[in-house]
Amino acid sequence: MAYQLLDGKGTAQSIKDELKNKVAQIKAEGGKTPHLAAVLVGNDGASQTYVNAKVKACEQIGFGSTLIHLPEETSEVEVLATVQKLNEDPEIDGFIVQVPLPKQIDEQKVVEAILPHKDVDGFHPVNLGKMLLGLPTLLPATPKGMMLLLERNGIETSGKHCVVIGRSNTVGTPISVLMSRNGNPGNATVTLCHSRTKNLAEITKQADILVVAIGKEGFVSADMVKEGATVIDVGIHRVPSDQTKSGFKLKGDVKFDEVAPKCEFITPVPGGVGPMTIASLLWNTYLTSQKLV
């Protein structure tokens, strides 16, 4: 079967182009330029790459951006003080604290310290609660990015069986809620699977849309996927490689080479969900800067 790539890079670029036009209009009317800040604690390589991409994206579309890089040994108290400062800064419309955080810092405490209307990652309990009730809010960036990817590429979700592997609060659980909501995309029948699910392959083989967010490299193989499925791979792993300059390759949770031929649509890694997450963060920052949520 000839598969089509769900091009997150191209779709994200079209969203960034739209935002660039909106920013130009705001500036022309003398309004305030949207400003996104990021807090990075420590030297996790993947996190650094990701935060740098966010800063670059802000520059591309004319947003203001601030990067606060704190050392690995920073205490929880210091991180919370940084969050407080950003909460109180009228110049900053939205900010993220990049996870994972070093082990001395309680991630949940940090998330809950962020003002809900500045939480452009969409992780605050208030934002998640509003999402659950279908109220306007800042949606979690990765699930929102996946929904935009489906919508902008005209993927039909209504009445389809969507199977999600992974139940994290950042991806698996929110995407299961969004896919089942009465909307477009949405209106899917959703099965949420996880590490305790029995006969996992039997369930995934029923999926019209398979979302893989388990965090294990190459977890999904061809025998777990139905012919003609749409597969969205959320995983990203650095795998050592002697064929690249960097010494590593980026791979997903899906064995792409063997799964892709069975699919109608599949996201690549890199270039699939990752760029859409950044586009969603920028979109959330725009929404909150304009008081649209």
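The report below takes up these topics in turn.

This is a predicted model, in which local features need pLDDT of at least 70 and side-chain atom pairs count only at pLDDT 80 or more, while totals for chains, interfaces and linings use all residues. Residues are numbered from 1 along each chain as its sequence is written, and side-chain values use heavy atoms, with hydrogens and water left out.

Six strands, in the order E1-E11-E8-E7-E5-E6, form an open sheet with parallel pairing; strand E1 (4-5) and strand E6 (189-193) are the edge strands, each pairing on one side only. Strands (E, at least two residues) and helices (H or I, at least four) are DSSP runs numbered from the N terminus, and two strands pair if DSSP finds at least two bridges between them. Strand E8 (residues 229-233) pairs with strand E11 (residues 263-266) in the parallel sense over three bridges, and Ala 229 has Cys 263 of E11 as its bridge partner.

Most residues other than glycine have a negative phi, and most peptide bonds are trans.

| Feature | Value | Loop |
|---|---|---|
| Val 99 to Pro 100, cis | omega about 5 degrees | E4 (94-97) to H4 (107-113) |
| Val 269 to Pro 270, cis | omega near -5 degrees | E11 to H10 (273-289) |

Asn 187 counts as partly exposed because its relative accessibility is 31%, whereas Asn 199, at 52%, counts as exposed; buried means under 20% relative accessible area, exposed over 50%, and partly exposed in between (1.4 Å probe, protein chains only).
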